[in-house]
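Hello,

Here is the structure we discussed handing over. Please look it through, then read the notes below.

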Amino acid sequence: MQNNDITVLVVEDDDIDYMTVKRSFAKRKIMNPMVRAIDGVEALEFLQTKKIEYPFIVLLDLKMPRMGGLEFLGKLRDDPELKDTVVFVLTTSKDEDDIHHSYEKNVAGYFLKEEASNSMMSLVDMLDGYWRIVQFPTK
């Protein structure tokens, strides 16, 4: 498996935030497949119906209509086939409860959008470095 085989599922309802992520990956010439879900409902549907092939990671917003990020994380961790999914939170929420509950649900990292927008390239570089060295189990 090569690092560009890893699909990035961006769970984001805001068009501008999604385009910021997409442009940042393009600037670093990271060509991994990227799929967008507009909320947790759509993201779960993509994953449970295998519209996104393994391996993948999730970049998750918390504040979304229909199903927010924390509810999505709960359902993801309760699903025997998806419970070990690697999830990074990318949100505007500085709420300590959101941070605490996210890490309780085993997220790999919690990033603030306003800070990430200033250093989005650092976040993208971190993700690129992450999947260059991490080993995913075969499914």
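**Cavity and helix contacts**

Val10, Val11, Glu12, Asp17, Tyr18, Val21, Leu59, Leu60, Asp61 and Leu90 form the lining of the largest cavity. A cavity is a set of points on a 1 Å grid over the protein atoms alone where a 1.4 Å probe fits but cannot get out, and lining residues have an atom within 4 Å of a point.

This is a predicted model: local features need pLDDT of at least 70, side-chain atom pairs pLDDT 80 or more, while totals for chains, interfaces and linings use all residues. Numbering runs from 1 along each chain as its sequence is written, and side-chain values use heavy atoms, without hydrogens or water.

The structure has one cavity of 30 Å³ or more. The largest holds about 40 Å³, volume being the space filled by probe spheres set on the points. H1 gives the most to this lining, three residues. By class, the lining has seven nonpolar, no polar and three charged residues.

Now the helices (DSSP runs of H or I, at least four residues). The axes of H1 (residues 15-27) and H6 (residues 120-133) come within 9 Å and cross at roughly 65°. Axes are lines fitted to C-alpha atoms over the stretch in contact, with angles from 0 to 180 degrees between N-to-C directions. The crossing is right-handed. Thr20, Val21, Ser24, Phe25 and Lys27 of H1 meet Met120, Met121, Val124, Leu127 and Trp131 of H6. Contact means heavy atoms within 4.5 Å.

Lastly, H4: Asn106 follows this helix with a positive phi, near 60°.

Best wishes

Terms used
Helix = DSSP H or I, 4+ residues; strand = E, 2+ residues; numbered from the N terminus. Left-handed = near helix turned anticlockwise from the far one by under 90°. 1 Å grid on protein atoms, 1.4 Å probe; cavity = no way out; pocket = protein on both sides within 12 Å on 5 of 7 lines; lining within 4 Å. Nonpolar A, V, L, I, M, F, W, Y, C, P; charged D, E, K, R; others polar.
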